[in-house]
Amino acid sequence: MKKIFVIDWSLFFVFVSSAFSGIGLHISGHGNNHELWHNWAVFHVLTSFLFFVVAIFHITTHWGWYKGIIKNGLGRKSRFTVVLSIVFFLVSVTGIILLGVDGANSYIGLLHYKIGIVTIVLCIGHLLKRISLLRKSLK
């Protein structure tokens, strides 16, 4: 299997883990079990870090696409992917900021959650457009 498909399949699995753990973290924040919330938080930080690292590998495999935007403008480039890139950047920055925040229910945490939901929706859309290519890579 080509390296790009290994990266893409890895990205799929860490995305699902990060999204699942983020939603689980948010739900556990509505309860009164701090230990459960803490466990979800640790799980989310670990899976999101992996998602961030694999996403960087994914972005570098498509670096020419980004350079084309810088050099030639959007042109016929997918605006959906541009928006996903911006939203991913925002969810990453707010997530990194949250590493310095103590406790639950902070303003930045709720902002991160809302941006995270948008990221999940956009990632699913991005994935659905490419799912047949990914499935063919398994053969």
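This is a predicted model: local features need pLDDT of at least 70, side-chain atom pairs count only at pLDDT 80 or more; totals for chains, interfaces and linings use all residues.

Biologist: Thanks! How many helices and strands are there in the protein chain?
Modeller: The chain has 5 helices and 0 strands, giving the pattern α-α-α-α-α along the sequence. Helices (H or I, at least four residues) and strands (E, at least two) are DSSP runs, numbered from the N terminus.

Biologist: And what box do the C-alpha atoms fill?
Modeller: Roughly 50 × 35 × 20 Å, taken along the principal axes.

Biologist: What percentage of the residues is buried?
Modeller: Of the 139 residues, 35% are buried. Buried means under 20% relative accessible area, exposed over 50%, and partly exposed in between (1.4 Å probe, protein chains only).

Biologist: OK, on to the inside. Which residues have the most contacts inside the largest nonpolar core?
Modeller: That core has 16 residues, and those with the most contacts inside it are Leu11, Val14, Phe15, Phe51, Val54, Phe88 and Cys123. Two or more residues each come from helix 1 (3–28), helix 2 (34–61), helix 4 (79–98) and helix 5 (107–137). Helix 1 gives the most, with 5 residues. By nonpolar core I mean a set of buried Ala, Val, Leu, Ile, Met, Phe, Trp, Tyr and Cys residues joined through side-chain atoms within 4.5 Å.

Biologist: Why would such side chains sit together?
Modeller: In soluble globular proteins, nonpolar side chains tend to be buried together.

Biologist: Take Val14 then. What does Val14 touch?
Modeller: Not counting residues up to four places away in sequence, Val14 touches Thr47, Leu50, Phe51 and Val54.

Biologist: Let's look at helix 4. Which of its residues are buried?
Modeller: Thr81, Val82, Leu84, Val87, Phe88, Val91, Ser92 and Thr94 are buried there. Helix 2, helix 3 and helix 5 are included in what covers them.

Biologist: What span should helix 4 have?
Modeller: Its 20 residues should span 28 Å at 1.5 Å a residue, and its end C-alpha atoms are 28 Å apart, so the two agree. The expected span is 1.5 Å times one less than the number of residues.

Biologist: Back to Thr94: what is it in contact with?
Modeller: Leaving aside neighbours within four places in sequence, Thr94 is in contact with Ile108, Leu111, His112 and Ile115. Thr94 counts as buried because its relative accessible area is 7%.

Biologist: New topic, pockets. What volume does the largest pocket have?
Modeller: About 1,100 Å³. It is lined by 39 residues, of which Leu25, His44, Gly95, Leu98 and His112 lie nearest its centre. Helix 2 provides the largest share of that lining, 10 residues.

Biologist: How is a pocket defined?
Modeller: On a 1 Å grid over the protein atoms alone, a pocket is an open set of points where a 1.4 Å probe fits, with protein on both sides within 12 Å along at least five of seven lines; lining residues have an atom within 4 Å of a point. Grid points are joined across faces, edges and corners, and a volume is the space filled by probe spheres set on the points.

Biologist: How many nonpolar, polar and charged residues are in that lining?
Modeller: The lining of the largest pocket has 22 nonpolar, 17 polar and no charged residues. Ala, Val, Leu, Ile, Met, Phe, Trp, Tyr, Cys and Pro count as nonpolar, Asp, Glu, Lys and Arg as charged, and the others, Gly among them, as polar.

Biologist: And the second largest pocket?
Modeller: Its volume is about 680 Å³. Of its 25 lining residues, Leu11, His58, Leu84, His126 and Arg130 are the closest to its centre. This lining divides into 16 nonpolar, 6 polar and 3 charged residues, and helix 5 gives the largest share, 7 residues.

Biologist: Last one: where is His30?
Modeller: His30 is in the loop between helix 1 and helix 2, and it counts as exposed because its relative accessibility is 63%.

Key. Residues are numbered from 1 along each chain as its sequence is written. Side-chain values use heavy atoms; hydrogens and water are left out. Contact means heavy atoms within 4.5 Å.
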